[in-house]
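Hi everyone, thanks for making the time.

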Amino acid sequence: MPSILSVSGIEKRYASGLAALSGVDLEVARGEIFALLGPNGAGKTTLISIICGTVNMTAGTVTVGGRDIQHDYRAARAAIGLVPQEIAVDIFSNVQDTVRFSRGLAGKPPNPAYVEQLLRDLSLWEKRTSRIIELSGGMKRRVMIAKALSHEPELLFLDEPTAGVDVNLRRDMWALVRKLREKGVTIVLTTHYIEEAEEMADRVGVIDKGRILLVEDTAALMRKFGKRRLKLALPQPLPAIPPELAGWSLALEEEGRQLVYSFDAKSEDTGIPSLLQRLGEIGIAFQDLESERSSLEDIFVSLVGRS
């Protein structure tokens with residue numbers, strides 16, 4: 001698929017000498033859901049702000065749909081919708097007027113049918129005449145999404161969109177994200193809910209200390225870096241791992257009542273048969289066993305820890 005977003009050599013340095021971003025390159029394909037993950041201060045919001053034109057970059061180029069954000073600013077910005085972390089709206093305006101105003105501000109002609117459908121999709125239609133100040137935090141977050149979508153952007157940035165949102169609203173929002181992707185909108189999101197990125201994103205990028213550590217298909221990332229764990233429930237707790245088991249990557253959990261073996265699922269020899277045989281030879285029984293794979297969060301923590 002062709003790229004809708006192309007970032008090349010982005011640098012952001014402040015007068016103090018602090019480098020917020022260093023040589024960032026990124027391509028986002030049209031129609032995909034891309035998750036950008038990183039710890040606080042990694043550079044996620046700075047990168048998004050540069051792309052959206054609210055922060056100036058020190059060096060580099062950014063194009064959106066082939067339009068340079070510096071030389072063709074208006075056209076590039078018109079293709080972008082942004083839902084920032086902070087809720088920034090006129091709290092005394094009502095919901096419908098807020099969304100209509102945002103659409104007009106982007107230079108789009110009035111389209112009452114589109115605005116109504118947008119508000120219905122976000123479960124805001126019943127609140128359309130309510131003032132923003134009267135809404136809950138979750139509903140205010142929905143209004144921010146409606147504002148960002150009011151001008152029908154091709155590329156939507158969601159910067160921690162479900163922060164402070166309850167489980168039901170979060171589920172509704174992700175249903176909306178899927179609908180938007182079906183309509184051809186490209187989604188770039190940052191989130192602290194890594195399980196959401198694992199479930200929703202086609203690809204994942206990990207950023208830390210202003211640098212992109214990797215960009216990978218979510219499924220391929222799980223295969224490449226994911227580990228599996230075999231958990232054995234023991235009838236009697238072990239005070240320590242016996243020296244006879246030194247050849248395996250083992251750990252004790254649940255106060256010694258669970259023996260955990262970590263292994264590479266891609267390896268031809270996982271070591272499980274020989275481990276189970278050895279346990280029998282040294283007289284360690286188990287009541288139950290189960291296996292689990294590492295989560296995207298485990299991989300993320302591991303990658304950031306290496307950087």
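Let's begin at one residue: Ser 93 counts as buried because its relative accessibility is 16%, and buried here means under 20% relative accessible area, with exposed being over 50% and partly exposed in between, using a 1.4 Å probe and protein chains only. Before I go on, please keep in mind that this is a predicted model, where local features need pLDDT of at least 70 and side-chain atom pairs count only at pLDDT 80 or more, while totals for chains, interfaces and linings use all residues. Residues are numbered from 1 along each chain as its sequence is written, and side-chain values use heavy atoms, with hydrogens and water left out.

Back to our serine. Ser 93 sits in the loop between S6 and H3; helices (H or I, at least four residues) and strands (E, at least two) are DSSP runs, numbered from the N terminus. What does Ser 93 touch, leaving aside residues up to four places away in sequence? The list is Thr 98, Ser 130, Arg 131 and Ile 132, where contact means heavy atoms within 4.5 Å. With Thr 98 there is also a side-chain to side-chain polar contact of 3.1 Å. A polar contact is a pair of N or O atoms within 3.5 Å; within protein, one must be able to donate a hydrogen and the other to accept it, and residues adjacent in sequence count only if both atoms are side-chain atoms.

Now the wider view. The protein chain has ten helices and 14 strands, and of its 307 residues, 45% count as buried. Take the contacts between residues at least 6 apart in sequence: 69% of them join residues at least 24 apart.

Next, the open space. The largest pocket holds about 770 Å³. For the terms, we use a 1 Å grid over the protein atoms alone: a cavity is a set of points where a 1.4 Å probe fits but cannot get out, a pocket is an open set with protein on both sides within 12 Å along at least five of seven lines, and lining residues have an atom within 4 Å of a point. Grid points are joined across faces, edges and corners, and a volume is the space filled by probe spheres set on the points.

Who lines that pocket? There are 30 lining residues, and Arg 77, Leu 82, Ser 102, Leu 105 and Lys 147 lie nearest the centre. Two or more residues each come from helix H1 (44-51), helix H2 (73-78), strand S6 (80-83), helix H3 (95-105) and helix H5 (137-149). H3 gives the most, with five residues. By class, the pocket lining has 13 nonpolar, ten polar and seven charged residues; Ala, Val, Leu, Ile, Met, Phe, Trp, Tyr, Cys and Pro count as nonpolar, Asp, Glu, Lys and Arg as charged, and the others, Gly among them, as polar.

How many cavities of 30 Å³ or more does a search of the whole structure find? Two. The largest cavity has a volume of about 50 Å³, and its ten lining residues include Ile 145, Leu 158, Pro 161, Met 173 and Val 177, which lie nearest its centre. H6 gives the most to this lining, with five residues, and the classes come out as nine nonpolar, one polar and no charged.

The second largest cavity, at about 40 Å³, has a lining of nine nonpolar residues, with no polar and no charged ones. H1 gives the most here, with three residues. H1 itself is mostly covered, with seven of its eight residues buried, and after H1 comes Gly 53, whose phi is positive, near 85 degrees.

Last, the packing. In the largest nonpolar core, which has 39 residues, Leu 119, Leu 124, Leu 156 and Ile 187 touch the most other members. A nonpolar core is a set of buried Ala, Val, Leu, Ile, Met, Phe, Trp, Tyr and Cys residues joined through side-chain atoms within 4.5 Å. H5 gives the most to this core, with seven residues. Apart from that core lies another, of 27 residues, with Ala 42, Ile 48, Ile 69 and Ala 76 among them.

That's my tour, and I'm happy to take questions.
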